[in-house]
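Here are a few notes to keep beside you as you look around this structure. Take them in any order you like.

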Amino acid sequence: MKTVKFEGKTEQEALEKVRDELGLSAIVVSIKKQRKRGLLALFSKPIVIVTAAFAEEEDNKDKVLKAAKKAAESAAKQNLPVMPDILDYKPPEGPFTVPYTQPPNFDEGKDIQIAHQKRTIQQLEDKILAAEERFANLAVAAGEKIEEPKPKYTNDMIRMFYDSLINQGVMPELAEGIIEEANLLATNNTSPDINLMVKIVYNKIMGILNEPRILVGNREDGQVAIFMGPTGVGKTTTIAKLSSILILQENKQVGLITSDTYRIAAVDQIKTYADILGLELRVIYDSEEIYKNVVQLKRNNEVVLIDTAGRSHNNKENIKELSGMLSKVPESDRFLVLSVTTREEDLLNIIKTYETISDFELIFTKLDETGSFGTLLNICFLTGRHVSYVSFGQNVPEDIEVIKPDKIAKALMGTGFDAWREA
Ligand code: GDP
């Protein structure tokens, strides 16, 4: 008995080589997959190596069997008696005579049959092994695909806070920082104090949402407040809201100035509000005029509010012009009005630009349009700026209020914008 190895790209290819070279009587001893050695092998497909055994003396038997088969076929064509199964066939010693009538010797046929059965069993075993290996690989691959990502936080309460912050648009790294301490408490205790966890998260958010520093109308000795910011964010509407609150709720005398003369509609808009509220309005076309008008208005009013032209913060000329105007009114409070609907990256750029010319408080508008507080929190965290007011609709004066960090913290922790509005 000799063994020979045959290589093929597939199992079938290798087996065909065995059959072609050794004939049907060869016994397949093993079928193995093998990768070539070396680094490049990682990128190559494995080859299949089939080891086949054969007995040299059986070569003749094979030839005889082939001849017998041919004879049987020819006999069948001539309508001669059907031959027994080829494997049971005992070949004659000498030249054939057809039809062959001598009863077959089953012993020799059985040897061949057993050899075939062994080979078949071996092949089946190898196939089962290969299939098992393939299934195992598939299971691993499938397992990797469908494996659920491990939840970041195991405590339900912590997960709820995290999800809520993310849903509100809080940056993931900030959300993680906010709940980090409470999460430690949750993971280091078998029954953590839930109230304490809530308190920790709440205080973290409150620490980011600064209390308002400056409000309109709060200065004892009168106040000049300048409103800056991009066009369309709601500067004029905010001024209208604040003026009416000061007049109707706080009985203050308010005077208005607008330098937003680039758009006729802008002047008309503030004029309409001034008429309705019975306020004195000055329209200035040159920043040189600002000081004189402020002085005059201050004589009769406790608060003077100044609307400025928005335009692009990228336009250096505009920023320079605004800077010139601010320098004429040094004793003024400045508010940068921003909409939470603006992309955070843009908000940061706008803030950076205005920081080059002035200090200011923030006013966030259009909270109603996003319904979330994430942007507000992210910007406070990233800039450390204080927010004085939040605006959440077009109704004058109802849809504005002094920022209440506690309300926003609670909304961020789960109740959301609607609950915030009702609170
Ligand atoms: P300005 O160019 O900055 O002066 O902006 P305006 O005051 O003219 O406002 C631009 C638009 O935004 C107007 O249609 C306002 O009614 C609207 N607006 C202002 N504030 C808010 C707000 O808080 N929420 C919503 N939804 N709209 C607002």
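Is E401 buried or exposed? Let's start there; please bear in mind that this is a predicted model.

1. **The setting of E401.** E401 is part of strand β11, which spans residues 400-402. With a relative accessible area of 16%, E401 is buried, because that value falls under the 20% cut-off. Its side chain is joined to the side chain of K407 by a polar contact of 3.0 Å.

2. **The neighbours of E401.** If you set aside the residues within four places in sequence, E401 is in contact with S388, Y389, V390, F392, K407 and W420.

3. **Helices α11 and α13.** Now turn to a pair of helices. Two packed helices are described by the angle between their axes and the distance between the axes. For α11 (residues 344-355) and α13 (residues 374-383), the axes come within 11 Å and cross at roughly 40°. The two helices are therefore oblique to each other, and their crossing is right-handed.

4. **Who meets whom between α11 and α13.** On the α11 side, the contact is made by E344, L347, L348 and I351. On the α13 side, G374, T375, N378, I379, L382 and T383 take part. Sorted by class, the residues of this contact are 5 nonpolar, 4 polar and 1 charged.

5. **A closer look at α13.** How many residues of α13 are buried? The count is 7 of its 10 residues, so α13 is mostly covered. The buried ones are G374, T375, L376, L377, N378, I379 and C380. After α13 comes G384, which has a positive phi, near 70°.

6. **Helices α7 and α8.** Here is another pair to look at. The axes of α7 (residues 235-249) and α8 (residues 264-277) come within 10 Å and cross at roughly 10°. That angle is why α7 is roughly parallel to α8.

7. **Who meets whom between α7 and α8.** From α7, the residues T236, T237, I239, A240, S243, S244 and I247 meet Q269, I270, Y273 and L277 of α8. This contact has 6 nonpolar and 5 polar residues, with no charged residues. For the α11 and α13 contact, by comparison, the list includes 1 charged residue.

Key:
Residues are numbered from 1 along each chain as its sequence is written. This is a predicted model: local features need pLDDT of at least 70, side-chain atom pairs count only at pLDDT 80 or more; totals for chains, interfaces and linings use all residues. Side-chain values use heavy atoms; hydrogens and water are left out. Axes are lines fitted to C-alpha atoms, for helices over the stretch in contact, and angles run from 0 to 180 degrees between N-to-C directions. Helices (H or I, at least four residues) and strands (E, at least two) are DSSP runs, numbered from the N terminus. Angles under 35 degrees count as roughly parallel, over 145 as roughly antiparallel, 65 to 115 as roughly perpendicular and the rest as oblique. A crossing is left-handed if the near helix is turned anticlockwise from the far one by less than a right angle, and right-handed if clockwise. Contact means heavy atoms within 4.5 Å. Ala, Val, Leu, Ile, Met, Phe, Trp, Tyr, Cys and Pro count as nonpolar, Asp, Glu, Lys and Arg as charged, and the others, Gly among them, as polar. Buried means under 20% relative accessible area, exposed over 50%, partly exposed in between (1.4 Å probe, protein chains only). A polar contact is a pair of N or O atoms within 3.5 Å; within protein, one must be able to donate a hydrogen and the other to accept it, and residues adjacent in sequence count only if both atoms are side-chain atoms.
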